[in-house]
Every structure is written in structure tokens, then in C-alpha cells.
Amino acid sequence: MNKPLIVIFTAIALDAVGIGLIFPILPRLLESVTHTAHIAPYIGVMAALYAFMQFLFAPVLGALSDNLGRRPVLLMSLAGAAINYVIMAFAPQLWMLVLGRAIAGLTSANMSVATAYITDISPEETRARRFGLSGAMFGIGFIIGPVLGGLLGDYGLRLPFLVAAALNAGNLLLALFVLPESRIPTHAKIDLSAFNPLRPLSRAFAVKGLLPIVAAVFILSAAGEAYGICWALWGFDTFGWNGLWIGLSLGTFGVCQTLVQALLPGPAVKRLGERGALMAGLTAGGIALIVMAFARAGWIVFAIMPVFALTGIGTPALQTLATGKVSPERQGELQGVLTSVVSLASIFAPLGFSALYFAVEKPWPGAIWLSVAVIYVLAMPLVLWGVRRAGRGQIS
């Protein structure tokens, strides 16, 4: 593997580490600066802000990288990530934590630039393998992040952020001295319409037959946001988990999900078909969520995780259905639409789930998982209707 790829893959892994790092320790960090135990609404606002900044700046960074070159944009993003973690490490007040999460969302938008860099330096015959490796690096980072955050957070609440800042600063120096530019900058006049994050989403309404699939993706993506918002709160409120156990539980789920997504979607679709695999994933997720809602011992959560992870076979099946109904010339357009939809779900769903958890926190924290299971059940008819409507012909 060449040096530029090592730098890019390291940046992708560190992005994922940063996302996962904060999950186990954010509740205690917010308690320390807000001086209240009811911090679910604050978590929802910070998650929504992170997603909003990512949604807003992904097309901006992508357009700037076309115009100015990939290298300067990546360097700015890595520097911004290091600055964010320093702010989070020393922030004594809530507004500074909010500022840090906003910067984190902005810098995490560099995934689009990293993907473009891989495309620039990869021959067509190696791109699929390298994109697969980038996905694997993100998965590894997301497994390491929660465990590292939980472990270090038990020694010092701000320590995980200092470690993350040091890691990103090291990667910045590595990129500064090792990473070459991957393309000749155009320095052409920038089309300001390319900065509009809603531009790809407008195609969902313009392309006939795409809207039902978009609705299904939005619902499932929104339901998935409950885990990042409520997992640490629920683990502490229900089982008294400390940061380490919260991190271990998230890391274990990450391992199970990675194995499922790496090994099972293909066989599942082959045996059950796309619709069958999608419904099987929703059913498995619903069963696991019901068990978690009523669980009173932490070992039950770890025992049900392999079943819970089977939800992961549903998303690739839905993506396969979507790509199969769009002509090859419009695949890029489709991915832009789906990315925008997932981003929008990541903005609005945290606000709803954090408010709901605040309402059920005292009487029954596990009720939050029952609400997600209900969403899955209610979504099944819409998902089936959507994929059947999409299946009536290819979008050209």
C-alpha cells in the first residue's frame, strides 16, 4: 500500500474514532457543565448540530477540493479536527462544547474529499477494493472509538479528547509531509449552486419512482439514530454501567455489525431476495429491541447483540433495490440523494429521540427501544409498498 493511501485511510479511521469516542463520556461531560442529571435534550441538540454541519459542509468541501485541490482541504479538515478535540478537552461551559461539536461536524465532512482522493489515485480496476478498505477502516475506527473513550474516560473525563487531539495532530503532520496532491486544481470559478446541500435531494421529487425508496431510507435511518443518542444514557440508568462498560457494549455491537455486513448481505439476498432480506433484518432488529426494552441484567444485552446486528442485512438490501432501479448513468445522482436523506434523518431524529427519552427516563428507560421497535413495525408496510413501487420499472 502506498503512503498517500495510508494517510487517507488513517484519516478515515480517526474520523470514525472521533464519532465513537464521545458516546460513552458525553452524558457525564454534559452533567459536569450543565449541573443537571437530565441531559438527554442536550445530547439530542449536539447530535443534531453535528449532523447539520456535516450535511451543510459536505458539498462545500467537495466543491472546494475540486477547485483548490484535495490536499489543502484535507489538511484544513485535519487541523480543524485537532482544534475541536482541544476545545472539547478544556471547555468549562456548555457553549464551548456546542462549538466543539459544530467544528467536529464540519471537519467530518471531509469523508467526501477522502473518497475523491482515493478515486483520483486509483485505477478503475482497484477502486472497488480500495473503497471496501476505506469502509473497513471506518468500521475499525468505530469499534475502537467507544472502547477507547469509555476506558480513558474512567481515568479522566477529558482525557479521551486529549488523546484524540494528539492522534489527529500526528496525522496532520504525516499528511503535511507525506501526502501529495492527487489532481491539478482547476482554480475555475466555483458554481455556488454546488454548495446547496438540498440540491441532490430535489432529485427525489424530480425522478419518477424514487420517492418511495427515499421515504423508506429516511425512516430506517431516523430509527437508527436512537442508538447513538440513548445507548449510554440507557446503559447507565438501567444497569449502572460506567464508561468502560458502555464503550465495551458499543464496541461489541460494532464487531457484530461489521461481521454481519461483511458476511451475510450477499447470502441473505441470494436466499431470500432483496425484499425478504430487508424484512428479515427489520424483524431481527424488532425482536432484539423488545428484549432490550425489558432487560434487567447487562449480560442479556451482550447475548442478544448477534440477533440485533442482523438488522444490518436490511440496509444493503434496500440499497441494492435502489441501485437496481436506476440506470447506470444516474447512479451518482442516486447516491447523492440517499446521502442527503440519511443526513436529514441524522438532523431531525436525535431531537425527537432525546425528547422521548427525557419523558420515559424515570419510569422506564427501556421504553425508548420499544418505540424504535414500533417504528420498525409501522414502517414495514411503507417499506414493502415503496420497494414494490420502485420495482415497476427502471428509472432512466
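**Entry 1: the second largest pocket**

I began with the second largest pocket, and found that α2 (26–34), α10 (211–239) and α11 (243–263) each supply at least two residues of its lining. The model I am reading is predicted. I then asked which helix gives the largest share of this lining. It is α10, with 4 residues. The volume of the second largest pocket came out at about 220 Å³. I listed 17 lining residues, and those nearest the centre are Pro27, Arg28, Glu31, Ala232 and Phe236. By type, I have 10 nonpolar, 2 polar and 5 charged residues in the lining of this pocket.

**Entry 2: cavities**

How many cavities of 30 Å³ or more does the structure hold? I found 2. The largest cavity has about 110 Å³ of space. Its lining is made of 13 residues, with Asp15, Gly18, Tyr85, Ala104 and Thr107 the closest to the centre. I noted that α1 (3–21), α4 (70–90) and α5 (94–108) each supply at least two of the lining residues of the largest cavity. I sorted this lining into 6 nonpolar, 5 polar and 2 charged residues.

**Entry 3: helix α3 and what follows it**

I checked the length of helix α3, residues 40–68. Its 29 residues, at 1.5 Å a residue, should span 42 Å, and I read 41 Å between the end C-alpha atoms, so the two agree. Where in α3 is there a kink? I found one of about 35 degrees at Phe57, shortly before the proline Pro59.

I also looked up which residue lies 48 residues from Phe57 in sequence and 8.4 Å from it in space, C-alpha to C-alpha. That residue is Gly105. I placed Gly105 in helix α5. Gly105 has a relative accessible area of 0%, so I recorded it as buried.

Just after α3 I came to Gly69, whose phi is positive, at about 110 degrees.

I then turned to His35, in the loop between α2 and α3. Phi of His35 is near 60 degrees, and this is a positive value in a residue other than glycine. I wrote this down because most residues other than glycine have a negative phi. Is His35 buried or exposed? I read a relative accessibility of 70% for His35, so it counts as exposed, the cut-off being over 50%.

**Entry 4: aromatic rings**

A search of the whole structure gave me 14 aromatic pairs. One of them is Tyr227 with Phe308, an edge-to-face pair with 5.1 Å centre to centre and 80 degrees between the planes.

For Trp234 I read 0% relative accessibility, so it counts as buried. Phe239 also counts as buried, because its value is 18% and the cut-off is under 20%.

Which residues do the ring pairs link into a cluster? My list is Tyr227, Trp231, Trp234, Phe239, Trp241, Trp245, Phe253, Phe302, Phe308 and Trp369.

**Entry 5: two contacts across the sequence**

The last look-ups were pairs of residues separated along the chain. I started from Ile213, which has its place in helix α10. Ile213 has a relative accessible area of 2%, so I marked it as buried.

I then took Ser340, in helix α15 (residues 331–360). At 6% relative accessibility, Ser340 counts as buried. I found that Ser340 and Phe218 are 122 residues apart in sequence, and that their C-alpha atoms are 9.5 Å apart in space.

Key. Residues numbered from 1 in each chain as written. Predicted model: local features only at pLDDT ≥ 70, side-chain atom pairs only at ≥ 80, totals over all residues. Heavy atoms only, no water. 1 Å grid on protein atoms, 1.4 Å probe; cavity = no way out; pocket = protein on both sides within 12 Å on 5 of 7 lines; lining within 4 Å. Points joined across faces, edges and corners; volume = space filled by probe spheres on them. Nonpolar A, V, L, I, M, F, W, Y, C, P; charged D, E, K, R; others polar. Expected span 1.5 Å × (residues − 1). Bend = angle between axes of the 7 residues up to and from the residue. Phe/Tyr/Trp six-rings, centres within 6.5 Å; stacked < 30°, edge-to-face > 60°. Buried < 20%, exposed > 50% of the residue type's maximum accessible area, 1.4 Å probe, protein only.
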